[in-house]
Amino acid sequence: MVSDKDLVTDAAAAEGGVIDIDEIVKKYDTEARYRSLKGWQAMLVSAIAVAMSVFHFYTAGFGLLDAAKQGAVHLSFTLVLVFLLYPVSSKSSKDRIPWYDVLFAIGAAYGCMYIVLNFEALGARSGLPTTMDLAMGFMTMALLLEATRRISNPVLPTLAVLSLLYCYFGRSMPSILAHRGFSIPRIVNHMYLGTEGIFGVPLGVSSTFVFMFILFGSVLEKTGMGRFIIDLSMALAGWSTGGPAKVAVLSSGLMGTISGSSVANVCTTGMFTIPLMKSVGYRPHFAGAVEAVASTGGQIMPPVMGAAAFIMAQMLGIPYIEVAIAAIVPALLYYGGVLVQVHLEATRLGLKGIPRDQLPPIWPLLRSQGFLLIPLVVIIYFLLAGYTPLKAAFNGIVVSYVLSFLNKQTMLTPKRLMEAFEAGARGAIGVACACATVGIVVGMATLTGLALRVAGTIIALSGGKLLSTLILAMCSSILLGTGLPTTANFIITSMMVAPSLLQLGVPALAAYMFVFYFGIAADLSPPVALAAYAGAGIAGSDPMKTGFTAFKLALAGFLVPYIYVYNPILLLIDYHPLPFAQAVATAVMGIFLLGMSTIGFYKAEMSVPFRALAMAGALGLLIPGTKSDLFGLAVLITVHLWQTAKAKKARPTAGE
């Protein structure tokens with residue numbers, strides 16, 4: 001039997017070379033541009049990373065510290081690892097740690113641990129910081145901004161610096177932005193010692209729920225979960241029309257349940273799926289786009305969504321499981337839209353699947369490794385049973401460890417477990433830096449009252465009309481997403497943009513989910529479509545062409561948020577069985593028509609007028625309302641009958 005790995009190797013060899021995944025990851029994912037250390041320096045970094053994971057694992061299972069202390073220890077580990085792992089510039093040494101980064105790491109650790117060591121004293125003199133308090137705050141903020149610049153990009157630190165300047169120069173601002181201004185000691189006290197700055201809600205969520213779910217994903221990955229997901233997807237869909245593309249959608253969606261990074265997901269599953277898609281006839285830019293769209297959707301796929309979903313739950317004051325359940329239908333509509341377009345494109349090009357004898361047999365696969373899915377079931381069970389996400393993730397890790405010994409290939413030996421703990425810490429530091437730095441922006445908004453002014457300005461610009469406000473909110477989220485990590489993007493838009501939707505009567509969950517979706521969509525929106533460009537790198541296609549194709553494939557994802565704002569029942573808000581069933585049924589039919597319109601094929605090539613009609617019908621079905629649904633249904637029937645007759649007419653008769 002020919003394995004899917006052999007097919008990848010053959011496809012890559014046929015193109016005249018081997019795909020360098022590491023280079024692609026480093027090019028599009030700033031968190032992958034770390035030093036390659038050796039000897040005692042590598043051992044030191046590994047020990048610190050493992051210690052960070054052990055700390056979080058222990059506190060999750062046996063009791064958290066006070067919120068400020070937990071966040072301070074979390075950020076201390078984070079900044080130390082960033083300065084030891086990430087060089088100051090691309091020209092700096094990549095194989096050793098320079099002396100100044102050691103000093104930065106020590107200074108950052110002390111600045112954070114100062115909160116822990118002086119916790120009672122700081123509480124006693126709340127609002128009256130000493131010179132030492134302010135000095136520690138200023139140093140910690142400066143080192144945090146530098147660490148975030150290294151692991152992310154200059155956009156978020158620049159935004160934080162502008163926020164600090166805005167706090168100070170408030171009196172000099174235009175009237176619409178003006179405020180009384182604050183002194184440097186007041187600003188530092190608010191950002192460093194307060195509960196609405198660096199050590200606020202975003203870092204608190206990062207130091208608890210987010211870290212543990214990232215660690216859970218790392219542990220699952222070390223058991224061979226990634227390999228199993230790809231094999232299972234191959235067995236389920238590899239044989240069908242255009243099978244490899246459907247494998248990409250399924251495997252990336254499943255991988256997304258344990259991975260929160262679009263680019264990392266593209267490179268993890270794309271190294272297998274993109275060459276497979278090309279080998280059966282998909283064009284390179286289409287193959288790269290399919291993988292990018294499927295991987296990006298992983299952040300909206302329950303049960304383990306992107307880090308921003310945990311922050312959303314905290315902001316809304318609801319259990320995380322409610323966010324995850326509400327996200328199920330929109331996520332399925334997103335992936336359903338991609339699958340429809342993949343199938344229609346394959347049918348149009350006459351692409352076949354992979355012969356069954358070259359695919360992993362499903363039942364032997366499930367018998368030997370199906371137990372790897374149990375930890376995901378365990379996570380869902382504990383969340384539904386009312387446990388906190390922290391406890392659910394802790395139990396999921398314990399169950400994953402125990403079950404790994406059922407198969408010699410998946411066994412978490414001490415070495416593998418330490419590798420998983422190290423990978424978990426490394427995977428969490430980018431989110432931690434983003435959460436801490438965006439805390440400065442949040443602190444600015446609460447200190448100056450800017451958030452309410454922005455919301456009022458958006459409503460004024462839109463004339464108080466919901467559709468105009470949604471479009472402005474979408475543009476703001478995508479624009480911020482071109483330079484900010486998803487988590488930071490969501491925190492800022494939920495604070496600045498979502499209140500405008502709330503003022504117009506949009507349910508809170510729908511408003512926050514709206515900006516969450518479009519923050520993620522930035523990874524697919526040219527000119528800065530990082531997930532699409534990573535897919536293009538693996539596919540060997542033009543990045544911009546791949547980006548625009550990904551944008552087209554993700555069109556359902558761009559429309560779904562509008563649907564659940566106008567029809568919140570899709571998020572299970574005010575749930576009633578019959579209206580919910582109608583909303584889901586019409587949305588599915590609308591997604592199907594939308595796929596016909598974007599691909600331009602259904603049974604036969606579609607003319608431009610019929611593509612436009614299909615788009616209008618799709619919008620009719622997606623917009624709530626009986627009249628619009630009937631219009632969309634009539635369009636669907638018309639298109640089906642016309643295209644069926646057209647295909648029959650084009651089909652050669654037996655005598656020909």
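What follows covers a helix pair, then a pocket and its lining.

The model is predicted.

**Helix pair**

Take helix H4 (residues 67–85) and helix H7 (residues 131–151) first. Their axes come within 10 Å and cross at roughly 55 degrees. An angle from 65 to 115 degrees would count as roughly perpendicular, and one under 35 degrees as roughly parallel. H4 and H7 are therefore oblique to each other. The crossing of H4 past H7 is left-handed.

Which residues meet there? From H4 come Leu75, Leu79, Val82 and Phe83. On the H7 side, they meet Leu143, Leu144, Glu146, Ala147, Arg150 and Ile151. By class, the residues of this contact divide into 8 nonpolar, no polar and 2 charged.

**Second largest pocket**

The second largest pocket has a volume of about 470 Å³. It is lined by 18 residues. Closest to its centre are Leu450, Val454, Leu480, Ile492 and Met496.

Which helix gives the most to the lining of the second largest pocket? H22 does, with 5 residues.

The contact of H4 with H7, in turn, has 2 charged residues and no polar ones.

How values were computed: Residues are numbered from 1 along each chain as its sequence is written. This is a predicted model: local features need pLDDT of at least 70, side-chain atom pairs count only at pLDDT 80 or more; totals for chains, interfaces and linings use all residues. Side-chain values use heavy atoms; hydrogens and water are left out. Axes are lines fitted to C-alpha atoms, for helices over the stretch in contact, and angles run from 0 to 180 degrees between N-to-C directions. Helices (H or I, at least four residues) and strands (E, at least two) are DSSP runs, numbered from the N terminus. Angles under 35 degrees count as roughly parallel, over 145 as roughly antiparallel, 65 to 115 as roughly perpendicular and the rest as oblique. A crossing is left-handed if the near helix is turned anticlockwise from the far one by less than a right angle, and right-handed if clockwise. Contact means heavy atoms within 4.5 Å. Ala, Val, Leu, Ile, Met, Phe, Trp, Tyr, Cys and Pro count as nonpolar, Asp, Glu, Lys and Arg as charged, and the others, Gly among them, as polar. On a 1 Å grid over the protein atoms alone, a cavity is a set of points where a 1.4 Å probe fits but cannot get out, and a pocket is an open set with protein on both sides within 12 Å along at least five of seven lines; lining residues have an atom within 4 Å of a point. Grid points are joined across faces, edges and corners, and a volume is the space filled by probe spheres set on the points.
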